[in-house]
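Me: Hi! Could you walk me through this protein and DNA model?

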Amino acid sequence: MSRFGGRLREYPALSIDRFDRDNLRARAYFLSHCHKDHMKGLRASALKRRLEGSLKVKLYCSPVTKELLLTNWKYKFWENHIVALEVETPTQISLVDETSGEKEDIEVTLLPAGHCPGSVMFLFQGENGTVLYTGDFRLAKGEAARMELLHSGTRVKDIQSVYLDTTFCDPKFYHIPSREECLNGILELVRSWTSLSRYHVVWLNCKAAYGYEYLFINLSEELGIKVHVNKLDMFRNMPEILCHVTTDRHTQIHACRHPRDDDCFRGNRLPCGMTCQNGTPLRIISIKPSTMWFGERIKKTNVIVRTGESTYRACFSFHSSFSEIKDFLRHICPVNVYPNVLPVGGTEDKVMELLQPLCRSYRRNQEPRYKPLGTLKRVHKRDLSDTGKKFYKEDTEKNTAQVLPQESDATSTANCNGVPGDQQEPKADVPRWDTFFKCDRLDESSENEDNFPSSAGAGGSQSLFSDSDGVSDSTHISSQNSSQSTHISEQGSQGWGSQGWDSQMDTVLITSQERNAAEFSCFSRTGSRMIPVPHEAAKESQADNSSWKAPGQNRSGASDVICDLKSKDLEKEAEAGTAHVQEVLVETPDASRAPDLELKRDSQSSSDFEIPLTPDAELPQPDKLYCLYKKLAAGESICLLLP
DNA sequence: GCGATCAGAT
DNA sequence: CACATCTGATCGC
């Protein structure tokens, strides 16, 4: 939850996402999205009075946010003071002090934040430098690199400060399954259940907040079943959402709520009161979206966990994971970073410790440290001149494998463009190969920031994320790229309620794992009925968040979808974290590969074999190092397909 | 009576 | 358990 005070150090005349106290004197207001913790003071009488006495003071937000806000009568008084700014459209704003007449111009650009409908980040450019306020965001790896307006030409803009959503800024949240993985897991579970009969219904136990709409849309699109919600008038001007939700309770997917909806559910009643149809009792399962996260070395991501006879938990996150946050910040490479959120159980100091290494302010002050392998990266020739694509990288690649005194990968180098001196780190000592080569393993207790615990976070709920391989009596639902088959059992009632559901027994997992995953198998200790669902290619349009865009401003077209398709595999590859060095060393790029595919790869994964800047370097896996050194020692050419 | 704040539940 | 919101208790104006 946001604890941002509302004001940027660089532009104190603005107030963002906070509207109380000092913020009452702001010259302009900004709202990143319509969640209550970002709207503190927005309906207070003090602010209301201020508006009544002013012609100038405005609230700037995205068109969708404006729509959602004004649908709530409590905020109607803002109506003549809201200015909707189109996303990705730089806009000049004059900030006038109404008492002194003092004036300041600033340019603001709204960038999509992927958090909930209408959510944006604000990029401010003015005389005190360029500042990015992220609001809350969920952006996949590489998405910052693809945002044109964060860049000038081929380089990222020189950004003074980033005010960052640090909700999951903790190594234990290293990985959160992608939107698509989560969506597919939920989709297959809902499909399996609702296809059993018309009396089989699903209750999506969603919190009262915007952000689940893309889930509703995708379920409805894929299954042809509208989602029952309490209220939908806020979507009246968003047809792409509106057509997938309904207030008609006679549907098989519900996301309705009731103050005591858990009690309803226990009584086999939906929050809307439905309990049977045509005299036949409904068979209800609940799916509770919750954030599941994984440490770096967890290979499989079970995005659905069965937690009771008819209850499931499904992975779902509105916020970027730790690795996504780092990718984002590493790309922006601002001088300063300020956390907007204290992560659960974290402290400001801890967050700063994690984030500062990705900022220029920190790098400037650091003595260069010894950088193993820091000179090995880079090398593949790629002609970018004819791609016609945006490519926010410095074009410094060399033709052949060689040792360069360059400290970082191209991404990082390009990023710190604002301070040329930063790139000229003194040459580190040349590593002694023989010493390294003799080491079987590098010290895993290194303090490297990317060295993560081997389990999904200490003290977490690892038991929910059971490794299905080791559990012979689990029923697995496998949702994979290559063979997508899904089974669901309609439970018997053999004393399940008395079992500890964390105990992996009879747990249904939907796993989403590496591409060449083992073939599906299932067991049912309880003799449950298994109903296979025919294979169906995963629809990939699901990541399309067009519904989050402004009414009448749907920028998502076929090409976007294709790009997403291309990037997804790569994302998986990059995120798998299990790739061996051999898979990464590519002698020659496949000529048939579309140019933009390579570009996607570049921007998507900050590292196939990443040797980022020390001291915040990610530690290469020991087995990769071993292989690499072995090749080097053998005199083999090392040719990396790299950004 | 209203709003701000906190603890707790969902 | 973790994303945001609502409720109820308490306090001050």
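This is a predicted model: local features need pLDDT of at least 70, side-chain atom pairs count only at pLDDT 80 or more; totals for chains, interfaces and linings use all residues.

Me: Great. How many residues surround DNA strand C?
Reply: There are 21, and K36, A208, S290, T291 and W293 are the closest. To count as near, a residue needs a heavy atom within 4 Å of the strand.

Me: What classes of residue are on that surface near DNA strand C?
Reply: It has 8 nonpolar, 7 polar and 6 charged residues. Here Ala, Val, Leu, Ile, Met, Phe, Trp, Tyr, Cys and Pro count as nonpolar, Asp, Glu, Lys and Arg as charged, and the others, Gly among them, as polar.

Me: Which part of a K36 polar atom pair sits by the phosphate, backbone or side chain?
Reply: Backbone: a polar backbone atom of K36 is 2.6 Å from a phosphate oxygen of DNA strand C. For H319, a side-chain N or O atom is 3.0 Å from a sugar or linking oxygen of DNA strand C.

Me: And what surrounds DNA strand B?
Reply: K40, A44, D261 and D262 do. The side chain of D262 has an N or O atom 2.9 Å from a sugar or linking oxygen of DNA strand B, and for D261 a polar side-chain atom lies 3.5 Å from such an oxygen.

Me: Switching topic: is helix α4 mostly covered or open?
Reply: Mostly covered, with 10 of the 11 residues in 213–223 buried. Buried means under 20% relative accessible area (1.4 Å probe, protein chains only), and helices are DSSP runs of H or I with at least four residues, strands runs of E with at least two, numbered from the N terminus.

Me: What comes just after α4?
Reply: G224, which takes a positive phi of about 70°.

Me: Which residues touch the most other members of the largest nonpolar core?
Reply: L204, F216 and L219, out of 38 residues in that core. Its largest share, 7 residues, comes from α3. Such a core is a set of buried Ala, Val, Leu, Ile, Met, Phe, Trp, Tyr and Cys residues joined through side-chain atoms within 4.5 Å.

Notes:
Residues are numbered from 1 along each chain as its sequence is written. Chains are lettered from A and ligands numbered from 1 in the order in which they are written. Side-chain values use heavy atoms; hydrogens and water are left out. A polar contact is a pair of N or O atoms within 3.5 Å; within protein, one must be able to donate a hydrogen and the other to accept it, and residues adjacent in sequence count only if both atoms are side-chain atoms. Buried means under 20% relative accessible area, exposed over 50%, partly exposed in between (1.4 Å probe, protein chains only).
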